[in-house]
Every structure is written in C-alpha cells, then in structure tokens.
Amino acid sequence: MKILVTGGAGYIGSTTAKALEEAGHVPVVLDSLLSGPRAFVRDRIFYEGDIADRALVARVVDEHPDLDATIHMAARIVVPESVEKPYEYYRDNVAKSLELFDQLTALGKPRVLFSSSASLYATKDEFEVREGDPIDPPSPYARTKRMIEQVLEDLAVATDLRAIILRYFNPIGSDPDLESGIYVKEPSHVLGQLVMAARGQKDSFTITGTDHPTRDGTGIRDYIHVWDLARAHVRAVERFDDVLARAEAPSVIINVGRGEGVTVRELIAAFERVYGSEVPTTEAPPRPGDSVGAFANVDRSGELLGWHTELSIDDAIASALAWADRRQDVLGYA
Ligand SMILES: NC(=O)c1ccc[n+]([C@@H]2O[C@H](COP(=O)([O-])OP(=O)(O)OC[C@H]3O[C@@H](n4cnc5c(N)ncnc54)[C@H](O)[C@@H]3O)[C@@H](O)[C@H]2O)c1
C-alpha cells in the first residue's frame, strides 16, 4: 500500500513511516518542518509544505494516484503554548485539517486515519476509560483534537470521507533502529525529564502532585512504546474498510494504549531498574492544569484492529535511554 503521512517528519510520524516500510508499504511524507527535523525524513518520498495547501495536496495525489489512505498527524502539539496562542492552534490544527479533508475527499482519497489524544477524557474514579466515556478536554490543544474528531464524524456522515480516529495514550521510547525519537531540546514529559535527571542534565526529577487519589498519590498514565503505536497504524490502514464495516459506522474512535495504568512512582522504579541506579527526586504540588490521568480500555483495539501492544514499559525505557545517547549524531544536539 502507499500511505500519505502528514507530520511524517515528527516523532510519531517518522516512526510510523518506518513501521509502514517494514510491513512492505510505501509512506509519502507531507510535512512543513514547522517542528519536525529534516533528518527524520531520511530518504523517504517527501513533500515539504502545508497540509492546507490545496495545490500541493493535489500535486501529491497527481504524482501518487495509488495512495490508499492518509494518516493525518501534522499538528501543533505543545499544551502550554496552546494556552498562550489559541489562534495558531485552532487555525493550524482545526481549520487546516478541514481544508486537507475536503481536498482529499475531492481528489477521491477518502480514507483518513487521525491522531487524537487520550487527554480528551474526563477524569474517572477508576481511571480506565472507554471510547464512549465522557470527555472534558482541558486545554486549547485538546479541544482542537476533539473538534477535528467532530469534523471527521460529520464529514463521514455527509460525504465519501471515512475516518478511523486513534486516541493515543502516552507514547514513549524511540524507533528500534534509533533513527528517530524525541527531538525537543528539553522534553517536558515524565520520561524525558527522568532521562535528563539520570544523565545529569538537570539536578533532580520533580514529582509534580503526590496527593492524587491513586494507589501511591502520583498521577497515572498509560505509557505505550512508540513502535507499538506505529504498528497500530499499520494494522489500521491495512484493515481500514474492514474496521469500519465491523464498527458499522462511517467513522470510529479507537483507544491505543497498553491497557495498564502506571503511576509516576512506578515509572521511576521501572526507570531505575532499567538504568541500573537511582535517580534523585524532589516533590512538588501539581502544575496548573495537571490531571490525575487515565489508562486505556483496549477491548475495541483488540476487536477491530486485532492489535495489542507487544513491548513492555522496560523495553520503552531502554529504547529512550539508547536514543538519548544517539541524539547527538542524528540531530546535532544531545
Ligand atoms: N506525542 C504525544 O504524546 C501525542 C499524544 C497524543 C496525540 N499525539 C498526536 O500525534 C501527532 C504526532 O505527534 P508527535 O508527537 O509526533 O508531534 P511532532 O510535533 O513531532 O510532529 C508533528 C509534525 O507535524 C508537522 N506540522 C505541523 N503543522 C503542520 C502543517 N500545517 N502542515 C504540515 N506539517 C505540519 C511538524 O513539522 C511535525 O513534524 C499529533 O497530531 C499529536 O497531536 C501526540
């Protein structure tokens, strides 16, 4: 199959392009390099430009009439920035996606797989969330994700467009060949901070929030190896029509996680086990907007995609550590 991957120069997009290749498919990358590094495009078929550039999308389809589906990952993704710059987030994520979907449908390329986020879910007492559970997107970023879901659901009812919406939980780790991984200079997420503390790039790891109603008081997440996540996309494009036929709907939402909640303290323990020594930690109150978290109910991904994660948290931590050693060579900064 030939698959258009918007945002294919990014962290998850470049890994997904690799997973498509490993499965014998051909990724066609469309990315503006707004944030993704050129090094992650590698030697793939690449169009540098914007998803809302209708002429460019038409050229891509003209030059690749055999495109089977689009994986739409291109987005602005920084939550605090979305609070400061809501215009840029609604314009780039929502308005530009709308142009892309309309153009793809007009060009006869109606299969769209969309990267949504588990951060949409409202907090639940038992933390395990199903696709039909209440949502309460806490930031402009998360609200753009929900709006695009709604756009896709409405377009799928009214037009030829068909949509599989994947709600990602918390991707960690890197591509197995260490060709791509987290590229931001100072990652804000928990594992990135742990890696920096372990490597002495910061004094200690700060546990933000120790009074949450979880088993040890710290926030809970469903960490998934980015390679497992990438392979979920391969499965979804390979079974695209079948997934929607089984769902008996023109669009469907699917959680993509391991189905297991891991607290911050548990992640630190796993990290120390893999790394082989202790990481200095301090404790602090939750940051504004921090949520206690959630983990995925994975029944639907099993039923519709026939897919489950294969890699462990320890595998993902080892891969993140290996990538930290490799970053300098690929990106030119550690
Ligand atoms: N990383 C996560 O924890 C996470 C969790 C849930 C969902 N997601 C979603 O997964 C997708 C990929 O995330 P990521 O972590 O790889 O992010 P990323 O920032 O590494 O990748 C996004 C890519 O999109 C490109 N891009 C942005 N705007 C564009 C535009 N208008 N036209 C063309 N290209 C554009 C960027 O240059 C970048 O390469 C995003 O849609 C994100 O919202 C990510």
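In what order do the 7 strands of the open sheet run? The order is 3-2-1-4-5-7-12, and the pairing is parallel. Strands and helices here are DSSP runs, numbered from the N terminus: E of at least two residues for strands, H or I of at least four for helices. Two strands pair if DSSP finds at least two bridges between them.

Some ground rules. This is a predicted model, where local features need pLDDT of at least 70, side-chain atom pairs count only at pLDDT 80 or more, and totals for chains, interfaces and linings use all residues. Residues are numbered from 1 along each chain as its sequence is written, and side-chain values use heavy atoms, with hydrogens and water left out.

Back to the sheet, an open one of 7 strands. Its edges are strand 3 (45-48) and strand 12 (251-256), each pairing on one side only. On average, neighbouring strands are turned by 20° against each other, direction ignored. Axes are lines fitted to C-alpha atoms, for helices over the stretch in contact, and angles run from 0 to 180 degrees between N-to-C directions.

Look at strands 1 and 2. Strand 1 (residues 2-6) pairs with strand 2 (residues 26-31) in the parallel sense, over 5 bridges. I3 has P27 as its bridge partner in strand 2.

Now the helices. Helix 2 (residues 54-63) lies across strands 1, 2, 3 and 4 (67-72), and runs at about 160° to strand 3. Helix 8 (residues 240-247) also packs on the sheet. Helix 8 touches strand 5 (111-117), strand 7 (162-168) and strand 12, at about 90° to strand 7.

V26 touches M1, K2, I3 and I45, leaving aside residues up to four places away in sequence. Contact means heavy atoms within 4.5 Å. V26 and M1 are 25 residues apart in sequence, yet 6.2 Å apart in space, C-alpha to C-alpha.

A polar backbone atom of S35 is 3.0 Å from a ligand oxygen. A side-chain N or O atom of D50 is 3.4 Å from a ligand nitrogen. A backbone N or O atom of M73 is 2.8 Å from a ligand oxygen.

Methods: A polar contact is a pair of N or O atoms within 3.5 Å; within protein, one must be able to donate a hydrogen and the other to accept it, and residues adjacent in sequence count only if both atoms are side-chain atoms.
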